[in-house]
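Subject: A structure for you to explore

Hi there,

Here is the structure I promised to pass on. Have a look around first, then read my notes below.

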Amino acid sequence: MATLDSKIPSGPLADKWRKHKVDSKLVNPANKRKYEVIVVGAGLAGSSAASSLADMGYKVKCFVFHDSPRRAHSIAAQGGINAAKNYQNDGDSVYRLFYDTIKGGDYRAREANVHRLAEVSANIIDQCVAQGVPFAREYGGLLANRSFGGAQVSRTFYARGQTGQQLLLGAYSALSRTVGQGLVELHTNSEMLDLVVVNGHAKGVIIRDLITGAITRHTADAVILATGGYGNVFNLSTYARQSNATAIWRAYKRGACMANPCYTQIHPTCIPVSGDYQSKLTLMSESLRNDGRIWAPKKKEDAKKDPTTIPEADRDYFLERIYPSFGNLCPRDVASRAAKRMCDEGRGAGETGLGVYLDFSDAIKRLGENGVRERYGNLFDIYHEITAESAYKQPMRIYPAVHYTMGGLWVDYNLMSNVPGLFVLGEANFSDHGANRLGASALMQGLADGYFVIPYTVGDYLAGQKPGSRPAADSTEFKAAEENVSAMSKRFLTTKGKQTVGQFHKRLGKIMWDHCGMARTKEGLEAALQKLPALREEFHATVNVPGSGDTLNQSLEQAGRVADFIELGELMCRDALTREESCGGHFREEHQFADGECKRDDEKFGHVAAWEFQGVGKTPVRNVEALNYEFVKMSVRNYK
Amino acid sequence: MVAATTSSTISVTLRVWRQAGPKALGQFKDYAAKDLNSNMSFLEMLDVVNDELTLKGEEPIAFAHDCREGICGTCSLTINGKPHGPGKGIATCQTYMRSFHDGDIIVVEPFRAAAFPLIKDLVVDRTSFDKIMQAGGFITARAGSAPEANAAPVPKGDSDLAMDAAQCIGCGACVAACKNASAMLFVSAKVGHLGLLPQGQAERDRRVLAMVHTMDEEGFGNCTNQYECSAACPKTISHDFIARMNRDYLGATLRSAFKPEAASSGGGA
Amino acid sequence: MNLVGSLFGSSIGRKIVMAVTGVILIGFVVGHLVGNLQIFQHPDHLNGYAQFLHQLGPLLWVARIGLIVAVVLHIWAATVLTLENKKARGSDYGFKHTIQATLASRAMRWTGFVVLAFLIYHLAHFTLGLVQTETFKETAPLNHYSMTKDYRVAGFTVVTAGADVANVYNMVVLGFQNKVVSLFYIISVGLLSLHLLHGFDSLFQSLGLRNAKWSALLHKAALVLCLVYFLGNLAIPGAVLAGKLQPHAAKVAPAVQR
């Protein structure tokens, strides 16, 4: 059993972080250059961590599998970033942001972590503006804000619909500066394929160069993983095609615990799947629900009809019907599940029957076509590009899609996993969003972790490590890890079976979406736990990976990632099966109120489930970290 | 209104550049892509072709891609001679098969430029862009040292214009489209973005001189003001930023030639 | 980097050299045309003007050297940039496609070459007298002209009536009576106009003086300039070929009076 000590500082909530910073050990400036830190991933969390640590004086090596750090998927976030600046004078405060995030996470996040996040949120905006992030401004030249779901104040900072892009490019510019100054050694096209643990501490990684195939060992005094989420387990998601769980999964297999893997966020307004060739789902901003009305045909036989010919009387505005007070603006998870139910009843729109309508005809009547264009023109353009349909002339078709994973590697208050020396930042960890993430909070967390948390907590760990005590790259552990990686590649390349990696990924995605998607049941999850081990075995026996290991081989890269996804999918199902309650993004049909809302069981499940690897095909150990709510009362999440 | 929910089916011939490695000899090879749903994206079509190739025991076509929503800048195909394909203001991944007709022969090539050496098939190495950024594409602001965000107001017009430039996704289509493989649009977008903001002024001269110097060193060509770059740009970034950079460069050159420098820059900390 | 290094050693610097020399050369060709259009006035004008330029002496050489330097730098920059650009492009596309680049911009190198060839012939013809020499011979009776009136520049008399000057007027008319020469001239100034069309627009970009707000106006101005320039240049050989301009043999002063 792993020991899960959250290391939450004592004292009043608002003083914990300040106190912890004072209590943390420091590394003397002259000694900092003697420590090497490896950062894997260069999205918001990775780039900001690498540049900050380099600026402090540590020797930093940064590894990214992309051809440039600027490609990381943080770039795709649209809406914005929250910060408790209270520029709108509308009653925002650190406490309110903390409270909204805790409540939004359905009381499954750690109070102390979330409060720290809210505290540093204001510094993030300062930092980004100083770097030149062109946030939206008012005519007076001051920063503009907009409101976002789950909050009653206007605290979201944004840069058109490309906030993630601008924040990532800001962090990338800081990383580029430190690379240019020789403070960071940047390795692009370099995928981490194993974590090396020596005497119980993370002391290095094994890297495969994706261009030459060379497998190399890299030693360090600490390893930081900032490799993002694992939503591509579902194959179809709003994630980038290459987003993967390999780094965190290989760390899991080296002893790091995986916490709450079943917490996945499904976003209600995405463009539906058009065919089985599909590789990617595209998000349509949640803001559309402010003026669009969601409906499905009342009669099954209307489902395939041109929606504009269906008379008003035959339309079921189901969100307005089921949730009269919140209507189309009900929370993400509720809207998603309602849409799914309509489609399950056979009333889904489009060729596939998996879609509902998001109709702007009333808004066009009210605001005029130009009024709607002013508000949503760019989104309507994206929709038109993808579907060739004009949402001005006919309703949009939308369907929920996997968007974010709240679960991840378990970390303590220092963002260190249960493997000492292994730190996990951003979406890759589990700590701040509980069972559901609020909009505009992912960007906040990534940058908070990298700029303002890890610079303090890494020092605290390194101060306990003797300078120069890194193991040599030819030690047994490194050799064994490298051999493990080489053997895996070789096995994939020599199997020469009858199915492509992509075909397996599709099959995995279908199992996960059907059984561990928006609504989960005991039977479904048990069925998935039968299917997934079989799929895993079939994969290893019959996968076809063409080409060789010593050149660019995208099939080989993908093979390793899909192999990990299959194993991770199994763990997600196991976690979902064990968590006999509904909370946030985890909805068990057995546990709901009459109105379809999540029914939590704080008594039995007011805790973090952190799974510990025992071997492939073996049941992992479920460790528990109790969530002690000292300052907020766990209550039924209610947006009505 | 004809809804595209009803899809049509087309078949095309792909004429794809195949090259096993940087030093290998490349050539075009034809592949039949049959019965494609017109709602497929171009990259999804390549996924399908690649699955077929794999099952036939051939090596799939290597191509770069990631987000598939036009923002990461990874995808980089030249389709029928135009970087990112026939559409305007979109990336390769936002190109759909409905832009083509049944029976078309589609020529697919990598982004070609000496500063983007080919890695394999349709994948090129755009590290040169990173090097330019490392030389000066930043405002130095260490974490912890930033002043209050609203301390310096930025005129909305400047901020919006900076955002126009900042939208660059670093894909390299400008270089690929330019007959001289010039990176002027890419570099000028960053110089323009940071130079328009008050917080970017301290390093303004240094930035433009260093970035242009590195751009030249990396072997990009020169601008002949034809503006193919902005026409191919998936974010339709204006070549006005090139003019702005030229002006900045001239100003920085004159200032650095005539401005006195302190006898010592060290000391203090 | 020092000033010279930045201007001559960098890509943008060389483009600035190109633009600045371009400005000088545009100024020259436009001024040259305006001067030459005096041919449509009494021969006193063109001949007086030519005499005035000759009288400038050292100043004329300063201008000439300036122009030569501008031409050399313009060609140097073009050559270096072209070579670098070839190298930067590396391999070419199998499928060639142009999105929107104008014909004028794509033909710069070729129009430049023809203009250079024309320039050499033009100098050999009218300045150095190395070709079509029969129209220039010192002894040719048509080659001398006696001013009938004062020629004034900015109110000052620079050539007085009765002065014996070179008969540039006749030289031009006789030169253009050769149809091949006229045709070459017309084609060349046509291509030069095309060269200017892109060059004029482009120099504003290279010097950083252009943006979308007024680029449409700039483009129109370039179009008008080039069209007027072409028509103005077309007018001279055109009028000669049409017989509208004839040598002024009657008013030749006797050579002995010099």
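A residue is called buried if 20 or more other C-beta atoms lie within 10 Å of its own. Please keep in mind that this is a predicted model.

With that in hand, let's start in chain C. Which residues of helix 3 of chain C are buried? They are C:Pro43, C:Asp44, C:Leu46, C:Asn47, C:Gly48, C:Tyr49, C:Ala50 and C:Gln51. Among the elements that cover them are helix 2 (11-36), strand 1 (144-146) and helix 7 (168-176) of chain C. Helix 3 itself runs over residues 43-55, and its 13 residues reach 18 Å from the first C-alpha to the last, close to the 18 Å expected. Just after this helix, C:Gly57 takes a positive phi of about 60°.

Next, the nonpolar cores. In soluble globular proteins, nonpolar side chains tend to be buried together. The largest nonpolar core here has 327 residues, and A:Leu422 is one of those that touch the most other members, as are B:Cys174 and B:Val175. Setting aside neighbours within four places in sequence, the contacts of A:Leu422 include A:Leu195, A:Val223, A:Ala251 and A:Met416. A second, separate core has 18 residues, including C:Leu46, C:Val159, C:Tyr169 and C:Val172.

Now to where the chains meet. Between chains A and B, the contact takes 73 residues from chain A and 68 residues from chain B. On the chain A side, helix 6 (163-180) is one of the elements giving two or more residues, and helix 6 gives the most, with nine residues. By class, that side has 23 nonpolar, 34 polar and 16 charged residues.

Chains B and C also touch, with 41 residues from chain B and 38 residues from chain C. Helix 8 of chain B brings the largest share of the chain B side, 10 residues. That side divides into 18 nonpolar, 14 polar and nine charged residues.

Why does A:Ala240 count as buried? Because 26 other C-beta atoms lie within 10 Å, and the cut-off is 20 or more. Leaving aside neighbours within four places in sequence, A:Ala240 is in contact with A:His73 and A:Ala76, and with B:Asp66, B:Cys67 and B:Cys72 from chain B. A:Arg71 is 169 residues away from A:Ala240 in sequence, yet their C-alpha atoms are 9.7 Å apart in space.

Enjoy exploring!

Best wishes

Note on methods:
Residues are numbered from 1 along each chain as its sequence is written. Chains are lettered from A and ligands numbered from 1 in the order in which they are written. This is a predicted model: local features need pLDDT of at least 70, side-chain atom pairs count only at pLDDT 80 or more; totals for chains, interfaces and linings use all residues. A nonpolar core is a set of buried Ala, Val, Leu, Ile, Met, Phe, Trp, Tyr and Cys residues joined through C-beta atoms within 7 Å. A residue is buried if 20 or more other C-beta atoms lie within 10 Å of its own, exposed if 12 or fewer, and partly exposed in between; C-beta atoms are placed from the backbone. Two residues are in contact if their C-beta atoms, placed from the backbone, lie within 7 Å. Helices (H or I, at least four residues) and strands (E, at least two) are DSSP runs, numbered from the N terminus. Ala, Val, Leu, Ile, Met, Phe, Trp, Tyr, Cys and Pro count as nonpolar, Asp, Glu, Lys and Arg as charged, and the others, Gly among them, as polar. The expected span of a helix is 1.5 Å times one less than its number of residues.
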